[in-house]
Amino acid sequence: MALSASDLPAMFSLLSNSLSSDDSVRKPAEAALSQSEARPGFCSCLMEVIIAQDLAPHVDVRLMASVYFKNSINRYWRQRRDSSGISNEEKLYLRQKLLSHFGEENYQIAQMLAVLVSKVARIDYPKEWPELFSVLAQKLQSADVLSSHRIFLTLFQTLKELSTKRLISDQKNFAEISSRFFDYSWHLWQSDVQTLLHGFSTLSQSYNSNTLEQHHDELYLTCERWLLCLKIIRQLIVSGFPSDAKCVQEVRPVMEVSPMLLNAIQSFLPFYSSFQKGHPKFLDFLKRACTKLMKVLIAIQGRHPYSFSDKCVLPMVVDFCLQKITDPDPDVLSFEQFLIQCMVMIKSVLECKEYKPSLTGRVMDENGVTLEQMKKNISGAVSGILTSLMTSERIIVLCSILIRRYFVLTTSDLEEWYQNPESFHHEQDMVQWTEKLRPCAEALYIVLFENHSQLLGPVVVSILQEAMNGCPTSVAEITPGLLLKDAAYGAAAYVYYELSNYLSFKDWFNGALSLELSNDHPNMRIIHRKVALILGQWVSEIKEDMKRPVYCALIQLLQDKDLSVRLAACRSLCSNIEDASFSEGEFIDLLPICWDSSFKLIEEVQEFDSKVQVLNLISVLIGHVSEVIPFANKLVLFFQKVWEESSSECLLQIQLLIALRNFVVALGYQSPICYNILLPVLQKGIDINSPDELNLLEDSMLLWEATLSQAPSMVPQLLAYFPCLVEILERSFDHLQVRHRYEMVHAKNKHETVLY
């Protein structure tokens, strides 16, 4: 039976009850709503709840209605064999309703309405909803600031949704939308820029922020509309035109838009300092706007590199970014997100393969210049532009500033390290390079060095030498000199593969790195951590005569008082042990200390990632040294403890399964001494009814195979696991090898019995 207007009160009541924290109220309401989803008129009732004027205060109920509406679109909008779905008449009604409510004052509701339009458009446009964009364009002509903002919000969500469709016909439709809407969006964006600059100028001159309060809301709404318009322009340029990297066809909007985007950044930035004094809302917008403008330029360059290489675009953008990185205004220096985007842009340009000169010869055909020759000609021209723009002097200055300014640990970094060394260590490893300023500067430096290694090799060595001379190994105070030495050590560690041509590791280690470890002042953790990093990065340059000193240094660092230093040493030790030229003879007498330090470290760390890292070291040790049996009892106790503590951590259990497999192989026919821990672990891992079966089965099967292959005889417990193998093989034949192992052990037992 269809739902109608008379059911609205009941629908509102159910939606309200579904938000209750009381299970006895919420669950019946959810069940009733679930039963009503497939009934005709359900979405229409939800739509009325969402847009009803008298329900405006009940934002939570309206949001819940929009969630149910969105889910219904996903489930019932398309016609299915097993469901009648939503009728065409109701769809028509809903589409009309969705395009008639652009005056919504609540932003959350407006955003959900925009999402609903985009979800319907993905299915219905253009066949069932050809008038969608023409209606939106028509409504824009007479819309006020609020309505135009909501329309642009709808446009953005819809374009974002449609741009993800990959069929050729869908991409053609999107290209048509781009050609229709680009000019209007671009002109409105340019007009709004002037409105914003005028409004910002007035704001910056008003000492009393309440003087023009009545105009602030409208100006801020214009700001948000402008930002939406910018996102739409990005979507139209990036997704509405085929990449010129493939077709080498000029994309006109790139040359038209990019200089204006850069000009907008240059116009906005001067207001940064004045807005810090009394306009926090507009300061926040200014940050978002400048960051987004740079992101759009980066996206355009990545999608249309050839069009972006125009002489009116690329030189201006690169020059601007280099200037902001190397010589920023004091206010911009604190604007980290913007500086990050400037670095991302330079890194993107340096890495762009379309801008690198081709090494192939000229290829011609009978009809003239080929596509590849056109690309080669453009690449050659762009390479010349970049060479003239990024002179040797400018490259050296950029490299020096990256190390001296952006690599240096800040006061907040040191405070974070002091408060939680473990978290600090993992943040340095796991943070995305585009999220924080120092990792981004490090990523740019690596690419810059790769492109200009011969020029920058001596420069980096010079900075390193200067830093070491300016801060002897006896200095323990946290001075600018010590922080610069830490930064220089990092710079040398990141580009070891090229810097080894200019720097002797042996001389560096004996003359400085080993001496750093003799100073055990607490502040030296800064340098000790970087020494640990270097010993891991430079592993390929450690010759035979230096292996013993390096192993001893890493074992010493593994016993440091600071957790961050110990975890860095743990990782570098793994790199050295896994190295193809690992010398077990030089390491063998260090094993007892290494085992004990590892066991102690895993007891002290708290974070999951730390435990995985230490367990990985233990697994690597077991797999690469022959002297395991003397430490078997300690390892069994260790595995027992870790397994008991990792009951809710599947990833840690997987790492433990790998370590156990290495342990069983290392023990060989003496593996039964670890059966007390091994067999219970194996039993859980091969249980296909276990909740963790999906995560543990693969590694458990490898452990099972290793256990059987090293078993001197078939014990009853292993024989009892055979039915589990039958169940597993009923699902997949991937693990037949385990069955073969059973046959081999059984045959061996039978043979031994006959001999006896």
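The legends below describe close-up views of the cavities in a predicted model.

View 1. The structure holds two cavities of 30 Å³ or more, a cavity being a set of points on a 1 Å grid over the protein atoms alone where a 1.4 Å probe fits but cannot get out. Grid points are joined across faces, edges and corners, and a volume is the space filled by probe spheres set on the points. Residues are numbered from 1 along each chain as its sequence is written. Local features need pLDDT of at least 70 and side-chain atom pairs count only at pLDDT 80 or more, while totals for chains, interfaces and linings use all residues, and side-chain values use heavy atoms, with hydrogens and water left out.

**View 2. The largest cavity and its lining.** About 70 Å³ of space lies in the largest cavity, which is lined (an atom within 4 Å of a point) by Tyr125, Pro126, Leu162, Lys165, Asp170, Asn173, Phe174 and Ile177. Helix H9, residues 168-205, gives the most to this lining, with four residues; helices here are DSSP runs (H or I, at least four residues), numbered from the N terminus. By class, the lining comprises five nonpolar, one polar and two charged residues.

**View 3. The second largest cavity and its lining.** Helix H6 (107-124) and helix H8 (145-162) each supply at least two lining residues, with H6 giving the most, namely four.

Note on methods. On a 1 Å grid over the protein atoms alone, a cavity is a set of points where a 1.4 Å probe fits but cannot get out, and a pocket is an open set with protein on both sides within 12 Å along at least five of seven lines; lining residues have an atom within 4 Å of a point. Ala, Val, Leu, Ile, Met, Phe, Trp, Tyr, Cys and Pro count as nonpolar, Asp, Glu, Lys and Arg as charged, and the others, Gly among them, as polar.
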